[in-house]
Structures are given as C-alpha cells and as structure tokens.
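Please read it alongside the sequence and the coordinates.

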Amino acid sequence: MSCAFCTDPAQTGAIVYEDADAWIILHEDRSPRGHAMIVAKTHAENPSQLDEDAWLHLSRLWHRAERALLALTNADRAIALKLGIATPHLHVHLYPVPASWTRADVFAAFDGNAVQDDGGLTDALRDALAAALRT
Ligand SMILES: [Zn+2]
C-alpha cells in the first residue's frame with residue numbers, strides 16, 4: 001500500500017508542527033475547519049505497537065494541538081478518530097466541533113461532508129496554529 005505520509009505528508013494538508021518523531025497537519029478537507037491530524041513518523045498500525053515513550057510523545061502533542069485548536073476555532077468539543085484504512089501510518093484525526101453538533105453532524109464531518117469553506121480563514125488558522133505549537 002502506498003502511504004501518503006511516507007511519500008509526501010504536505011499532500012495531506014498544511015504541516016503546522018514537525019519534530020523528529022511526529023507531524024501535526026491541518027487537514028486539507030476543512031471538514032470542519034480545524035480538522036487536524038497528529039501523525040507518528042514511524043510506521044505502526046496501532047498505538048500499542050509504539051513503545052510507551054513514543055506514544056506518550058504523541059499524546060502530549062495531541063494534548064497541545066487540541067488545546068490550541070479549541071481556542072482558535074472557538075469549538076466546545078474535540079472529536080477524535082483513529083482509522084488507518086487509507087494508510088497504515090498511525091495518525092489520529094481531531095475535529096473541533098460545537099457542542100450543538102449531533103452524531104449525524106460528526107459522522108458527516110468524518111465523511112468529508114462538513115466542509116467549512118471560509119475564504120482565507122483556514123490560512124489564518126494554519127498560521128495561528130503553527131505559532132501556538134511553537135511556543
Ligand atoms: Zn507511511
């Protein structure tokens with residue numbers, strides 16, 4: 001299986017953070033605005049296949065990214081999704097959503113059907129998120 005993260009992670013969205021072991025990527029689909037991924041650089045299907053320190057590192061990034069995303073999007077809730085169907089490269093999707101969203105709204109977002117096309121706001125979010133994750 002070809003892997004988008006191994007081939008060219010920038011194809012999957014805007015890389016807003018990178019270190020030796022992980023990326024944080026703002027997903028290109030904007031479903032919804034602020035849809036982001038925490039991505040391990042190593043090939044693993046499941047968190048339990050990472051050693052504990054590697055998982056803790058990813059968890060810390062998840063924590064930081066979630067805080068920044070909620071603040072920057074004014075969302076109430078961060079939905080998390082780990083699939084691994086399109087690529088066997090461990091990553092967790094985060095979806096910042098209002099508390100008013102229903103289960104159907106959230107599953108529409110998973111399917112890419114909750115696009116918030118916002119005329120440049122995504123670029124501003126990308127820059128603000130990258131700045132927040134640098135500090
Ligand atoms: Zn890969």
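## Model and zinc site

The model is predicted. Its zinc ion has four protein donors: Cys 3 through SG, Cys 6 through SG, His 43 through NE2 and His 89 through ND1. These donor atoms lie 2.1 to 2.3 Å from the zinc ion. The arrangement is tetrahedral, because the 4 donor atoms subtend angles of 101 to 120° around the zinc ion. For reference, the ideal angle for four tetrahedral donors is 109.5 degrees.

Along the chain, the donors follow the spacing C-x2-C-x36-H-x45-H. Distant parts of the chain are linked by the pair Cys 3 and His 43, which are 40 residues apart. Cys 3 sits in the segment before helix H1 (4-7), and His 43 sits in the loop between E3 and H2. The two residues can also be described by accessibility: Cys 3 has a relative accessibility of 5% and so counts as buried, while His 43, with a relative accessible area of 45%, is partly exposed.

## Nonpolar cores

The largest nonpolar core contains 22 residues. Val 16, Ile 24, Leu 26, Ile 38, Leu 58 and Leu 129 have the most contacts inside this core. Two or more residues each come from strands E1 (13-18), E2 (22-27), E3 (36-40) and E5 (91-97), and from helices H2 (52-73) and H4 (121-134). H2 provides the largest share, 5 residues. Another core, of 8 residues, lies apart from this one, and its members include Tyr 95, Trp 101, Val 106 and Ala 109.

Val 16 illustrates the packing in the 22-residue core. Not counting residues up to four places away in sequence, Val 16 touches Ile 24, Ile 25, Leu 26, Arg 126, Leu 129, Ala 130 and Leu 133.

## Leu 26

Leu 26 belongs to strand E2. Its relative accessibility is 4%, and therefore Leu 26 counts as buried, the cut-off being under 20%. With neighbours within four places in sequence left aside, the contacts of Leu 26 are Thr 12, Gly 13, Ala 14, Val 16, Gly 34, His 35, Ala 36, Leu 69, Thr 122, Leu 125, Arg 126 and Leu 129.

Thr 135 is 109 residues from Leu 26 in sequence, and the C-alpha atoms of the two are 18 Å apart in space.

Ala 20 is placed in the loop between E1 and E2. With a relative accessibility of 69%, Ala 20 counts as exposed, since the cut-off is over 50%. Between Ala 20 and Val 97, which are 77 residues apart along the chain, the C-alpha separation is 30 Å.

Asp 123 is found in helix H4. Its relative accessibility is 41%, so Asp 123 counts as partly exposed.

## Largest pocket

The largest pocket has a volume of about 360 Å³. It is lined by 21 residues, of which His 27, Met 37, Ala 86, His 91 and His 93 are the closest to its centre.

At least two lining residues each come from H1 and E5. E5 gives the most to the lining of this pocket, with 3 residues.

Definitions and conventions: Residues numbered from 1 in each chain as written. Predicted model: local features only at pLDDT ≥ 70, side-chain atom pairs only at ≥ 80, totals over all residues. Heavy atoms only, no water. Core = buried A, V, L, I, M, F, W, Y, C linked by side-chain atoms within 4.5 Å. Buried < 20%, exposed > 50% of the residue type's maximum accessible area, 1.4 Å probe, protein only. Helix = DSSP H or I, 4+ residues; strand = E, 2+ residues; numbered from the N terminus. Contact = heavy atoms within 4.5 Å. Donors = N, O, S within 2.8 Å, 3.2 Å for Na, K, Ca; no water. Tetrahedral: all angles 85-135°; square planar, octahedral: opposite > 155°, others 65-115°. 1 Å grid on protein atoms, 1.4 Å probe; cavity = no way out; pocket = protein on both sides within 12 Å on 5 of 7 lines; lining within 4 Å. Points joined across faces, edges and corners; volume = space filled by probe spheres on them.
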